[in-house]
Every structure is written in structure tokens, then in C-alpha cells.
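Subject: Structure for your review

Dear colleague,

Please find below the structure that I am handing over to you.

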Amino acid sequence: MGVCPFTFHLSPLYAQEIEYSLTGNKTYEIAGIEVEGADSYEDFVLIGFSGLAVGDKVEVPGPQITKAIRRFWKQGLFSNVKIKADRIEGHKIWLVIVLEQRPRVSEVRYEGLKKSEREDIEVKAGIRQGSQMTPNLEDHAKTVIKKYLAEKGFHNADVVVHQQPDRDHPGYVKVAIVVDKKVKTKVGKIYITGNKALTDRQINKAMKKTNDNDIVNLFRTKKFVTEEYENDKAAVIEKYNEYGYRDAYIVADSVVPNPEDPTRVDVYMTIHEGDKYYVRSIKWVGNTLYPYEYLDATLGVKPGDVYNLKTLNERLQSDDDAVSKLYTDRGYLFFNVDPVEVNVENDSIDFEMRIYEGKPATINEVKIIGNTRVYEHVVRRELFTKPGQLYSQSDIMRSLRELAQMGHFDQEKLAPDIQPNPEDGTVDIAYKLETKSSDQIEFSLGWGATGLTGSIGLKFTNFAIQNLFNKKAYRIVPQGEGQTFAINLRTNGIYSTSLSISFLEPWLGGKRPNSLSASFAFYNQTGYSARYQKAYQQLYNTYSNYYYYSGNSNYYQQLAEAEADKDKFIRQFYFALGYGKRLRWPDDYFMFYGELSYTLYWMKDWPYLLIDNGTSHNLALNLQISRSSIDNPIYTRRGSQFVLGVKLTPPWSLFGKQDYSRLTTAEKYHLIEYHKWTFKGKVFTPLTPDSKLVLMARAEFGYLGHYNQYAKSPFETYYMGGDGMSSYSTLSTDYVAMRGYSAGSLTPYDPATGRNMGYVYNKFTMELRYPLSLEQSATIWALAFLEAGNCFADITDYNPFDLKRAAGVGVRIYLPMFGLLGIDWGWGFDDINGSRQYSGSQFHFVLGQEL
């Protein structure tokens, strides 16, 4: 039998009218069901979804057919739905579900959005290649895009979704999402009434995102975002609470279009301030570990103080020295304190601090998650939290600091996962780490008049000398133990060559943080001076000009003299062995470091030091006491670093009866003697709640002294000015950076010797830093600085107030592979020897060192 002359069809608007080609209701038993037009779906899935099944008895027309059609419409996956009767035999009916699928997406294109905006929206919008294009999906995409743009300040954006059939792929459409962002909605004026205790400016300042403060918005007007506006209204009330107005509230507010500028809105706000309240009394309840006098002193809020709920909560919970920290540092993880206003009378409030101390929590398990770089015992030895110990919040923070100092993990993503177990009084701690490589490589290569120039340097911060014969531990070099191995080779052709090798074991023996370091360096420089390069170049240029050549034959003489300089040289051999130990007193941030070093200087016809020919021996003991509590070794936000050190040689001149005033320079400096004192201090202070804007204050002092006035060391002197980098490596001079002045320009000139040598220096710096990127791949921050310092020829000339001043700006980039890079521009304010030649505008480059 052919198809019966009736169909069942329900409009997509779910109208109640159903068109049929026969009248009267009859009941049939479904003998079969087929599906047409939905090739993307299995028939049994669609039949099951319809709610109809073979054997069911249905009325035709009737509610079962209507419900089945509505189910398909609600899915939104089909543009047309029909149910047809294929045939009828007696009381049995064969049905055909005819579906017309909505098209799928073959291509999505966004117009009117930036690349970053498109990337943010694509996932949220849900329209992607292969998805089925439905009205619900289209509406969802429009809503998501408009909400996203509203958060950016574009409240009037239009979004249109165009669909075009894809001729190459039947059943597919190309989708174009066209966005017209319109003009960003900005804040025009804020009108405030009812405020007396706080000025308009104070309220404006409290509203971080919605304000018309001319100073704040000198370069950028704040956009208006509804969500941020609601947050700012809450911030206004919090600001009133800080001043004691606990009953303050916003009576009414409105946001209306600015009549003169349709791209702006004006905000109207009426405030009820209420009365100002004071703290009358504070009573502690439930405390057994600490007496109330000690808790009062820690809290720092006294009777008579202005009511300030924010300060009260900070002193109880969040400050570094809050009341809660007294308990959590002694294991009371489950501690809680609730400040309750038990009595409010006139303008006075009585507080009752209700304490629940609980029982001390014991650390049950410490997990390391995400470490794929170093052996686990290398990580665990840095932790201050051990299973079986009492829980301590300070120990957790210290552990995070030590993990950051290792340099093997992303410092910005270090986070502890603390899981208390109140049932058994224990706590599980998991340190979630994201591994990063901190190995560094340096490579440069060139060719000049002196021959091949360049450098190659490798620094491995996860070296493992124990694995030298373990092939499985090799990744270029044996790794896994957190040791540092570095090698650097530099050459400037036949002018100079240097080689340095160093090794550091931070945990000698593996049980205590006692370090062992060893280093070796070799340096060779010839007298192949710059005049050779100049003479060679000029002579080379004359070959094509006979007349120029014939009139400048003295270049041959200069060339010959420079060639003779190649036999002049200074060579240095250096070796040092050091030992470091973490101290327990005054606290365990202190370190002691001792180093024994030996340097051999070998000169031949060398005119640039006091010694022309011969050898000098420098046997020195270097002792340092340091303290470092910084939170992050790369972009430091808080903490301090101090170093006090002395480096001294034996007083050779006191051991014999020689008259040093009569000795030759070679005899005087055969055994070098001196005592060298160093102090360096840095303090980092965060200036904003998010700890991004940081102030770094630094002070430095150095003094090179002597045992005998006739044996002042020409080695270990200071060379101050510029970026603090030497054009070649040397072990005989300390280069001190001073921005705003050219290299070495602050170093005193000694007319008696004809050389620049500094024996005392001091330097002071104030630097403001703000991060531009804190990603693992690159840490970037901008800075502005004020700097003052000077260098002196003798301690008798030292004047701490005779300072050369400078200011400037710069940027730093830390790349894990290459280390610290940067550039500074500084302006030196003071003359050098009556001249501005060496100050004024100066650019300085940073390659690894800190200025």
C-alpha cells in the first residue's frame, strides 16, 4: 500500500494547530517506524528519542504524535519535522519520521574583533568547525560576545551572524560573525550627595574602576563596566567603615547617559554616612595558649580607637604578624577567632573576641607534584615541613621561598595545597610545582683585525657529579642533583683570551645546606693594542691611493711598533675553594661563607700596571656573613639581602725587616698584601596590595686598605662608572656600575702613577620596579631609578656626602636560557673634573650583571 494521504506536522513555533488530511480520531498499533533525512544519526537513537515504539497504541490524530514532534523541535537540531503514515492495515500503522537537519559549520570567520579578542571568544561562543548550526547556538554566541565586550566597556555592541551555504560541502554553511563594537562607554562625571566625612576625591579614589579623578585618568579614562561598578559601590562602603562609619550605606544611585557625549555615562550617588563609632572595650574568650595581655599587644587595636573593621580583620587574620599567625605557627591549624559586637551604645562598641583554639595539627603527608627536573630528595631537602612535625604557616612560606631560590621551578606558580583532616587532627601538604629549565648558554662569534673573536659559555644548574659514569642521567651532562657547573671561554683574537670553570655543591653530604665551591680561571692579554688595529686599517685603505699612501708612510712605523707589542703580556691564573654554612643564630636566614683563593699575575713588559715585569702572588682569605630573606630571586617583591665581608692577605711586609720605601715595584708587589672590606644591602618593599609595584633600596660600600703605606696594592682596586662591565675579563679590578656616567669616569686619577685606581667607594640607589610579564618564558619589568655614588683614591679623601647624582629609566628581561638582559638610560647631573663630557645622557646595557 502506498503512503496514506495524511501527515502530522507541528510548526516550529510550537503552535497548537495540527494539520491533518483526515478527520476523526482512531487508535492504531504502531507496526513499524522508519527515519528519513537524518543521516548523521543512528535510526534507533532518533526513534528512542521520539518516545514512540513498535507495539505502542496511538491515537491518530493524538497527543503521542504531537509530543514526539515537539521533542525534536526542542532539540533545535532540525529545521523541519514531520511524521507520515507509510501505510495502514486494519488497526496497524507504519510511521515514517521525516527530519530535515540543520546544516553543520564548515568555516567560521570573525569580523570586527582583534586577534586576542577573537581567541578569548572562540571557545566560549561555541560555534566551531563541525558543530551543528542551531538557533540556540546562534543566540548563545551573540550573548557571550556581547557580555565579553560589555566587560571591556563596549555596552552598545551589535553582533550579527550570517550563514552562507557551502557549495563545496552540501549540508554545510560558512558562518560569518560580524561585530560592531561601537564606541567604548566611559565614565563622564560622578555626582555624590550626602557625604560630609569623606570628600568627593576620597570616594572617587576608593572606586578603583569607576571614577572621574583627573589625576588618576591623566592618560586614560576609565571605562564603565557594570560588574566593576557594583564592586566599587561596595568599596565605597568599606572605605567609610575604615573611618568608623559602620552604618554607612548608599541610599540611591543611577547611571544615566551623558547629555553632551553619548559615549559617556554619568553616575549619581546618594550616601547616608551615619554616626562615627569607636572601640570601647575588647574581651578575649576561649584563649588558653596566650594571655589576653599578649593578644591585646599583638592585635594593636586599643579602646578609644576609631572603629575599623578592615584593620580589625587584618590584625586578626591576614597580616604577617596577625593574631592567627601566633597559633598557626604553633600547629593550631584549626584555630578560629570571631570578633563579635556584643554591645553598641551611642557611638561606642564592645567587642568579644571568641577564640576556638582546637588541637595542634600534625603533618601527615608531604607530596611533591609536578617535579620532572631534579631528583625528589633534592626538592625535599629544601622543605621546612616534614611528616610528623607540627603544622606551621611560617614553615610553609619558608619552604616556598627555598623552592623559589632553587631556580628549577616557576616562582610565580608555586602554590601549596593544604588539606586539613579534622577527624584525626592531621594535615596533608602538597607542593604543586611547574618545572622550568634554568640552564643558560652564551655564544657569540665574529672576525676583526685581531682575528677570531667571540665567546661561548654554558651553565648547568642541575648538574650531578655523582652521575658522571651513569649514562642514563646524561642530558648533555649528568643531571639531577641540583649542583651548578659553568664553563666560559672568551677570545678577542690575539688580543686576549680567558677561560673560567666553576662548580658548586649546595648541599655537601646531602644532609645539611653546607655548600662547597671550586673555581678556576685563566686570563691572557697581549700588548696588541688598539693602535695596531687603527694603523692596520689605515694602511689597508691606502693601497688603492698611491698619493695618499706615499704621504703617510709613517703608518708602517706605527704598525711595526704595534707588532712589537704582541710580545708584551699579562697572564693570570686563579683558583679558589669555598665553604658555606647556614647559621641558626641570629636566625636561619644568615649564612657564613669562607673562601681561600690564590692568583698568580705574570707580566712581561706590561706598561699598564705598576709592575712591568715579573710575577705577583695573591693569596687571600675571603670571609662573609650574609642574610637573605627575599621571596623570589628574579622579580623580588619583598625581603632583604645584606652582605658584610672582608678579604685579606697575610701582612707580608710585617714579617720581615725590609724597608719597603726602598724596594723596587717588582719587589714590593711580589707578594701582594691588602685587606678589603665590603658591605652591600638591599631592601625590597611592595607598594601595592598585589605586590607588583616594588621599591628597591640599595646601599654599597667598599674599602681597599693596606698594612704598609709603601705597599698599597695595585690589584683589587675599584673602577667606577658606566654599566660595570669590562670589555675584557680581568681578576685584578672590581667594576662598579654607576648609571648616568661613562665607564670608569668616577675612578680617581693618580698623577704619580698615571693610572686610574679607586680605593674607596660608596653608592646608594632607589629603584621603582613594575612587571610587564611574569611568564615562565620571559620575566620582564620596567624600572625608574635615582642613584648617587662616588669613588675615592684614599680613605682620607672619603666623604660620604660627596656624591655624583643620576636618574633614569630602564627595562629588564630575564630569559631562562640567556639570563638577565636589559638597557638603561641615565642622566648624570654632576660634572666630572669640571666637564660634562662623561655625564649627561648615557645608555647602559645589562648582560647578566645587576646595575
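The notes below begin with the basis of the model and then go through the findings by topic.

This is a predicted model, in which local features need pLDDT of at least 70 and side-chain atom pairs count only at pLDDT 80 or more, while totals for chains, interfaces and linings use all residues. Residues are numbered from 1 along each chain as its sequence is written, and side-chain values use heavy atoms, with hydrogens and water left out.

Overall composition

The secondary structure of the chain comes to 16 helices and 39 strands. These elements are DSSP runs numbered from the N terminus, with helices being H or I of at least four residues and strands being E of at least two. Of the 851 residues in the chain, 44% are buried; buried means under 20% relative accessible area, exposed means over 50%, and partly exposed lies in between, with a 1.4 Å probe and protein chains only. Among contacts with a separation of 6 or more, 61% are between residues 24 or more positions apart, where contact means heavy atoms within 4.5 Å.

Aromatic pairs

A pair of aromatic rings is described by the distance of the centres and the angle of the planes. Here, rings of Phe, Tyr and Trp (its six-membered ring) pair if their centres lie within 6.5 Å; planes under 30 degrees apart count as stacked, over 60 as edge-to-face and the rest as tilted. By this rule there are 22 aromatic pairs. In one of them, the ring centres of Tyr-601 and Phe-715 are 4.0 Å apart and the planes are at 25°, so this pair is stacked. Tyr-601 belongs to strand β26 (residues 590–604) and Phe-715 to the loop between β30 (694–705) and β31 (717–720), so the pair ties together parts that are 114 residues apart in sequence. Tyr-601 is buried at 0% relative accessibility, and Phe-715 is buried with a relative accessible area of 0%.

The rings of Trp-652 and Phe-655 have centres 6.0 Å apart and planes at 90°, so this pair is edge-to-face. Both residues lie in helix α15 (residues 652–655), 3 residues apart, which is about one turn of the helix. Trp-652 is partly exposed at 24% relative accessibility, whereas Phe-655 is exposed at 58%. Elsewhere, Tyr-290, Tyr-294, Tyr-327, Tyr-332 and Phe-335 form one aromatic cluster.

Charges over rings

A charge sits over a ring if NZ of Lys or CZ of Arg is within 6 Å of the ring centre and within 35 degrees of the ring normal. Arg-398 is placed over the face of Tyr-589, at 3.9 Å from the ring centre. Arg-571 lies over the face of Phe-569, at 3.9 Å from the ring centre.

His-675 is in strand β29 (residues 675–686) and is buried at 17% relative accessibility. A polar atom of the His-675 side chain lies 3.4 Å from the backbone oxygen of His-706. Leaving aside neighbours within four places in sequence, the contacts of His-675 include Lys-647, Leu-648 and Tyr-703.

Gln-132 is in the loop between α3 (115–125) and α4 (135–151) and is buried, with a relative accessible area of 9%. The Gln-132 side chain reaches the backbone oxygen of Arg-102 at 3.1 Å. Not counting residues up to four places away in sequence, Gln-132 also touches residues including Tyr-41, Leu-77 and Leu-137.

Backbone geometry

Most residues other than glycine have a negative phi, and most peptide bonds are trans. The peptide bond from Trp-585 to Pro-586 is cis, with omega near 0°, and Pro-586 is in the loop between β25 (569–582) and β26. Ile-476, although not a glycine, has a positive phi of about 75°; Ile-476 is exposed, with a relative accessible area of 75%. Ser-691, also not a glycine, has a positive phi of about 60°. Ser-691 is found in the loop between β29 and β30 and is buried at 9% relative accessibility.

Yours sincerely

Notes
Polar contact = N/O pair within 3.5 Å; in protein donor to acceptor, adjacent residues only side chain to side chain.
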